[in-house]
Amino acid sequence: MRPGLSGSRGASTLTTPNGSPVEVRRSARRTRTVAAFWEDGTAVVAIPARFTAAQEREWVHKMLAKLHRQGERQAAAGRRRPATDEALAAHAAQLSAQYLGGRSVPISVRWVSNQNSRWGSATPAEGTIRLSDKLRPMPQWVIDYVLLHELAHLLVSSHNTAFWKLLEAYPETQRAKAFLEGVSFATSRGMDKDAD
């Protein structure tokens, strides 16, 4: 889907194609430059206060397309998976900042080889996150989902409405859940061993 806007023209109802909210910030101090960035799962486009409605629409469209391209580049770069626990912890901090407003701050994040029935786990009382090394060959967007899932558990321990609300900002949540369900199904039926 081409980056753009859904919803009406009011700033409070703008969303990206994947459903993330869009906020347009007008600033009198900003005279010529336009910026776009992610904040707490919201795509923020900062524009000069003097812009007309037509200029606002034009620049919001351009900047959302730029954010989309940046996300694609980061996903491509992210194919170089965090190999060490230190790299994984740094990646977790980046995901927390981008999608959770930096509120989830684990004490440790590490790969483990002893998790056979779970993709990841979090211990909120200790602030620790562990990811199964079975995730390593999977697409980066799947690893990111599991990592965000566990980061969200440091903020909300159960799978309640508040928990799932935290994951709404990540555009690949539903796709990653479906991917993992497919892998679990295939593994439980021994299908993963049938491929030649």
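User: Which exposed residues sit on the face of α5 turned away from its buried side?
Analyst: Q174 and E181 are the exposed residues carried by that face of α5. Keep in mind that this is a predicted model.

User: And which residues of α5 are buried?
Analyst: T173, A176, L180 and A186. Looking down the axis of α5, these buried residues fall within an arc of 160°, so they line one face of the helix.

User: How far does α5 reach, end to end?
Analyst: From first C-alpha to last, α5 reaches 22 Å with its 16 residues, close to the 22 Å expected at 1.5 Å a residue.

User: OK, α3 next. Is α3 mostly covered or mostly open?
Analyst: Mostly covered: 14 of the 14 residues in α3 are buried. As for its length, α3 reaches 20 Å from first C-alpha to last, close to the 20 Å expected at 1.5 Å a residue.

User: What about α2, which of its residues are buried?
Analyst: The buried set in α2 is L88, H91, A92, L95, S96, Q98 and Y99. They cover an arc of only 165° around the axis, which puts them on the same side of α2.

User: And the span of α2, what should it be?
Analyst: Helix α2 takes in residues 85-99, and at 1.5 Å a residue those 15 residues should span 21 Å. The end C-alpha atoms of α2 are 21 Å apart, which agrees.

User: What does the backbone do just after α2?
Analyst: G101 takes a positive phi there, about 65°.

User: Where is E86, and is it buried or exposed?
Analyst: E86 lies in helix α2. With a relative accessible area of 60%, E86 is exposed, because exposed means over 50%.

User: Switching to pockets. How much space is in the second largest pocket?
Analyst: About 510 Å³.

User: What lines that pocket, and which residues lie nearest its centre?
Analyst: The second largest pocket has 22 lining residues, and S117, R118, W119, G120 and S184 lie nearest its centre. By type, the lining divides into seven nonpolar, ten polar and five charged residues.

User: Which element gives the most to that lining?
Analyst: That's α5, with six residues in the lining of the second largest pocket. β5, α3 and α5 each supply at least two residues.

User: Last topic, ring contacts. How many aromatic pairs turn up in the whole structure?
Analyst: Three. In one of them, the ring centres of W141 and F179 are 5.6 Å apart and the planes are at 75°, so the pair is edge-to-face. That pair links distant parts of the chain, with W141 in helix α3 and F179 in helix α5, 38 residues apart. F179 counts as partly exposed, at 29% relative accessibility.

User: And what's the geometry for F163 and W164?
Analyst: F163 and W164 form an edge-to-face pair as well, at 4.9 Å centre to centre with 85° between the planes. F163 is buried, with a relative accessible area of 0%, whereas W164 counts as partly exposed at 28% relative accessibility.

Definitions and conventions:
Residues numbered from 1 in each chain as written. Predicted model: local features only at pLDDT ≥ 70, side-chain atom pairs only at ≥ 80, totals over all residues. Heavy atoms only, no water. Helix = DSSP H or I, 4+ residues; strand = E, 2+ residues; numbered from the N terminus. Expected span 1.5 Å × (residues − 1). Buried < 20%, exposed > 50% of the residue type's maximum accessible area, 1.4 Å probe, protein only. Arc of directions from axis to C-beta. 1 Å grid on protein atoms, 1.4 Å probe; cavity = no way out; pocket = protein on both sides within 12 Å on 5 of 7 lines; lining within 4 Å. Points joined across faces, edges and corners; volume = space filled by probe spheres on them. Nonpolar A, V, L, I, M, F, W, Y, C, P; charged D, E, K, R; others polar. Phe/Tyr/Trp six-rings, centres within 6.5 Å; stacked < 30°, edge-to-face > 60°.
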